[in-house]
Amino acid sequence: MRVFSSTCTFDYSWEEVSTNNWRKYCPWNDKATHVIAVDTISRHVDPSTGVLRTERLITCSQTAPAWVLALLGGTNTSHVYETSVVDPASKRVTMTSTNLSWSNIISCRETVVYEPDVKASSPGHERTQFKQEAKITALCGGWQKIKTKIEEASVERFGQNAQRGREGFEDVLEMSRRAFREEGQRREQMA
């Protein structure tokens, strides 16, 4: 098993980040063009706690080498199962995702947490901390050397994709802030 982990701070409040998390795969994010569809399987708000739990299926196009597809079978489409829990009382979003495609060859279990970054925030300038961890395990029998190479290559690629994902989410956050600001100005002018 290999682990990828990353942290960063978004220069946006937890409310902005947790709201725009649902827009992460929208047209504003030109870094997520590999995402073909996001289907909500279930969504439930616990009436006693206000916690929102959502299950989604994310369909992506991937660029697996042709020789891998020929050798192992499969297609250039993959599926990921994602569960998210939004706790407004503790201001915490926790998302876990697991690959469904190729799961007999490799397991990738990712956990992402968004929380207010109290240390980096100041009045009127709130920030949100992002923590990401992915545990990647190759499941291809007893060939340790091959398993290690698959895991190392997967962690490297995961890291590259994670960087693009953060950049794309920054774009979504900026576009959303701009859209809300413009809408606020428009309403002021109409009043």
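In which helix does Glu 151 lie? Select Glu 151 to begin: this residue belongs to helix 3, which spans residues 144-190. The model on display is a predicted one.

**Stop 1: Glu 151**

With Glu 151 selected, display its surroundings. Its relative accessible area is 2%, and because buried means under 20%, Glu 151 counts as buried. Follow the side chain of Glu 151 to the backbone nitrogen of Ala 138, which it reaches at 2.9 Å. When neighbours within four places in sequence are set aside, the contacts of Glu 151 are Met 1, Arg 2, Ile 136, Thr 137 and Ala 138.

**Stop 2**

Next, select residues 35-45, which form strand 2, together with residues 52-61, which form strand 3. The two strands run antiparallel and are joined by 9 bridges. Within this pair, His 44 may be highlighted; opposite it stands Arg 53 of strand 3. Between the strands of this hairpin there are 6 residues, and Gly 50 adopts a positive phi near 80 degrees.

**Stop 3**

Proceed to Lys 91, in the loop that links strand 4 (77-87) and strand 5 (92-99). Although Lys 91 is not a glycine, it has a positive phi of about 50 degrees. Its relative accessibility is 30%, and Lys 91 is therefore partly exposed.

Then select Trp 102, located in the loop between strand 5 and strand 6 (106-116). Trp 102 is not a glycine either, yet its phi is positive, at about 60 degrees. Is Trp 102 buried or exposed? With a relative accessibility of 18%, Trp 102 counts as buried.

**Stop 4**

In soluble globular proteins, nonpolar side chains tend to be buried together. To view the largest nonpolar core here, which has 15 residues, select Phe 10, Val 17, Val 93, Tyr 114, Phe 169 and Leu 173, the members that touch the most others. Helix 1 (14-20), strand 5, strand 6 and helix 3 are the elements that each give two or more residues to this core. Helix 3 gives the most, with 3 residues.

Centre the view on Val 93. Apart from neighbours within four places in sequence, Val 93 is in contact with Trp 14, Ser 18, Asn 21, Val 85, Val 86, Val 112, Val 113 and Tyr 114.

The tour ends at a second, separate core of 10 residues.

Terms used:
Residues numbered from 1 in each chain as written. Predicted model: local features only at pLDDT ≥ 70, side-chain atom pairs only at ≥ 80, totals over all residues. Heavy atoms only, no water. Helix = DSSP H or I, 4+ residues; strand = E, 2+ residues; numbered from the N terminus. Buried < 20%, exposed > 50% of the residue type's maximum accessible area, 1.4 Å probe, protein only. Polar contact = N/O pair within 3.5 Å; in protein donor to acceptor, adjacent residues only side chain to side chain. Contact = heavy atoms within 4.5 Å. Pairing = 2+ DSSP bridges. Core = buried A, V, L, I, M, F, W, Y, C linked by side-chain atoms within 4.5 Å.
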